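Subject: Handover of a structure for your study

Dear colleague,

Please find below the structure that I am passing on to you. Kindly open it before reading further, so that each residue can be located as it is mentioned.

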Amino acid sequence: FQDDFKQSIRDSDTFNLLFYGKLRSDILSIVTAGKLKDYALNRCELELALSAIESGESLIVHSDMGNGKSIFLYQLGLLLSKAGFNVFIFQRPYQSIDEELEIITKQSEKTVILIDRYYQYFAITKKMLKIGSPDLIFVLAERSALFDISIGTIESILTTAHEEIDLNIIHNQDINNFIELI
């Protein structure tokens with residue numbers, strides 16, 4: 001987390017986030033720490049996600065396009081890191097994926113791997129899920145339509161309990177916060 005934010009948030013920063021998905025991680029870090037509310041929301045589901053992960057459960061997050069999956073994953077990663085978890089973000093496969101997985105599985109602390117758009121690299125996602133270490137927790141995120149067609153396969157591979165988080169649902173508190181943001 002950043003401790004402070006020295007510049008002002010421009011209207012274009014918020015507009016670019018809401019309409020184009022262009023994320024400013026420096027600003028989102030301050031929002032996630034609860035020190036700023038003029039850029040994005042800390043969704044109610046963050047508490048559920050943290051609780052599930054602290055209980056050793058993996059997560060499968062889904063929503064339609066533009067409903068906040070990537071922002072949610074970034075915020076969750078920040079909160080998990082602050083809580084003492086090792087956090088790794090899978091963005092795309094590299095030739096060194098096997099070596100990276102070997103290093104990750106040798107971590108002595110609880111480790112969380114965040115995979116945004118898991119279906120895009122489904123073969124590698126399945127390979128990672130098969131590792132099956134009790135100290136390794138996965139957070140998978142995908143669009144709801146792809147989630148619907150892949151959930152059976154994911155559930156057959158996951159070796160740990162998991163929680164599903166549907167970000168298509170908006171809670172009253174989130175609605176009020178979003179109205180304030182706008």
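This is a predicted model: local features need pLDDT of at least 70, side-chain atom pairs count only at pLDDT 80 or more; totals for chains, interfaces and linings use all residues.

Aromatic rings

A search of the whole structure gives 5 aromatic pairs. One of them joins F15 and Y20 edge-to-face, with 5.9 Å from centre to centre and 70° between the planes. F15 is partly exposed, its relative accessible area being 40%. Y20 is exposed, because its relative accessibility of 54% lies over the cut-off of 50%.

Another pair consists of Y119 and F122, whose ring centres are 4.9 Å apart. Their planes meet at 40°, and the pair is therefore classed as tilted. Y119 is partly exposed at 31% relative accessible area, whereas F122 is buried at 14%.

F15 and Y20 also belong to one aromatic cluster together with F19.

Helix α3

Helix α3 covers residues 45-54. Which of its residues are buried? They are E45, L46, A49, L50, A52 and I53. Viewed down the helix axis, these buried residues fall within an arc of 165°, so they line one face of α3.

After α3 comes G56, which has a positive phi, near 90°.

Residue R43

R43 lies in the loop between α2 (25-32) and α3. Is R43 buried or exposed? R43 counts as buried, because its relative accessibility is 14% and the cut-off for buried is under 20%.

The side chain of R43 makes polar contacts with backbone oxygens. A polar atom of this side chain lies 2.8 Å from the backbone oxygen of N67, and the side chain also reaches the backbone oxygen of I169 at 3.3 Å. Leaving aside residues up to four places away in sequence, R43 touches N67, L167, I169 and D174.

Yours sincerely,
A colleague

Note on methods:
Residues are numbered from 1 along each chain as its sequence is written. Side-chain values use heavy atoms; hydrogens and water are left out. Rings of Phe, Tyr and Trp (its six-membered ring) pair if their centres lie within 6.5 Å; planes under 30 degrees apart count as stacked, over 60 as edge-to-face and the rest as tilted. Buried means under 20% relative accessible area, exposed over 50%, partly exposed in between (1.4 Å probe, protein chains only). Helices (H or I, at least four residues) and strands (E, at least two) are DSSP runs, numbered from the N terminus. The arc is that of the directions from the helix axis to the C-beta atoms. A polar contact is a pair of N or O atoms within 3.5 Å; within protein, one must be able to donate a hydrogen and the other to accept it, and residues adjacent in sequence count only if both atoms are side-chain atoms. Contact means heavy atoms within 4.5 Å.
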